[in-house]
Amino acid sequence: MCKIIAIANQKGGVGKTTTSVNLAASFTDLNKKVLLVDFDPQSNTTAAVGLTPSELQHTICDLVLDIIKRQQTTTVQQCIYKAKGFDVLPCDISLAQLEMYLESLMSRETVLRRILSTVKRDYDIIIIDALPSLSMLAINIFAAADYLIIPMKANDTYSLSAFSAILESLEEINAEINPNLKKLGEIITMFDRRNKNDKEIYNTIVNDTRTNPFPTAIPISTNVAEANRNSKTIFEQSPRSNAAVAYLHSALEILERIEGGV
């Protein structure tokens with residue numbers, strides 16, 4: 001059965017897109033059929049896999065517009081592209097304009113859920129890179145997801161304050177929109193084990209009673225930075241690097257928690 005995972009944190013710069021792309025690649029290496037969804041007008045995920053939003057014939061924005069206009073001119077299959085060995089449902093800047101029209105829709109929180117419901121049977125895992133906000137687009141992501149994974153930057157002293165905000169959002173989503181959404185855990189990113197500040201923040205995150213971090217932390221790495229700059233996954237850029245190994249371990253840990261019922 002397909003599992004939909006939202007990668008989210010209401011704080012930017014914590015590695016959401018990098019984590020989303022490299023987890024998609026990791027699950028693919030583990031022989032899972034994967035769909036990576038971009039539902040952010042900035043289209044960072046789309047660009048990260050080497051697609052150019054302005055050059056795409058169709059994106060998820062066409063599907064949203066169809067729902068707003070109560071028509072069907074485009075299928076989900078027409079909007080899906082192959083990249084990096086997995087499927088991608090890309091986005092473009094027009095989603096920002098469409099968001100305002102969502103407010104007037106009945107069941108406006110479930111637009112993305114309705115879109116994904118038509119292709120869920122084709123995938124083992126769907127990953128959604130969420131916006132760093134609680135906008136209507138982000139609410140749609142949480143309404144569609146089964147699980148929430150929160151990236152937390154190891155060298156950011158404000159990680160836990162942002163973490164508190166997303167926990168409050170999760171509580172509201174559970175109460176009002178999607179009672180089945182579960183927090184699967186936290187992935188600690190950009191961790192430098194040699195740095196005293198990083199180790200202190202890491203320990204603070206791990207020892208917080210509200211967290212359940214995955215055992216593997218993603219190390220800070222020039223290989224990851226180079227991969228991002230080249231629109232590559234870490235496995236394309238440096239498959240034997242510590243970061244590549246860490247992402248693969250993280251994917252295995254995620255599957256273990258899902259199969260164990262969290």
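Strand S6, residues 147-153, is mostly covered in this predicted model, with six of its seven residues counted as buried. On one side of the pairing we have strand S1, residues 3-7, which runs parallel to S6 over three bridges, and within that pairing Ile7 stands opposite Ile149 of S6. S6 also pairs with strand S7, residues 182-189, again in the parallel sense and over seven bridges, and here Met152 has Ile188 of S7 as its bridge partner.

Let me turn now to helix H12, which covers residues 242-259 and so has 18 residues; from its first C-alpha to its last it reaches 26 Å, close to the 26 Å expected at 1.5 Å a residue. Its buried residues include several alanines, namely Ala243, Ala244, Ala246 and Ala251, but also Glu253 and Arg257. After the helix comes Gly261, which has a positive phi, near 75°.

On the H1 side the contact is made by Thr18, Thr19, Asn22, Leu23, Ser26, Phe27 and Asp29, while H12 contributes Tyr247, Leu248, Ser250, Ala251, Ile254 and Leu255. If you look back at the buried residues of H12, you will find Tyr247, Ser250, Ala251, Ile254 and Leu255 among them.

How values were computed: Residues are numbered from 1 along each chain as its sequence is written. This is a predicted model: local features need pLDDT of at least 70, side-chain atom pairs count only at pLDDT 80 or more; totals for chains, interfaces and linings use all residues. Side-chain values use heavy atoms; hydrogens and water are left out. Helices (H or I, at least four residues) and strands (E, at least two) are DSSP runs, numbered from the N terminus. The expected span of a helix is 1.5 Å times one less than its number of residues. Buried means under 20% relative accessible area, exposed over 50%, partly exposed in between (1.4 Å probe, protein chains only). Two strands pair if DSSP finds at least two bridges between them. Contact means heavy atoms within 4.5 Å.
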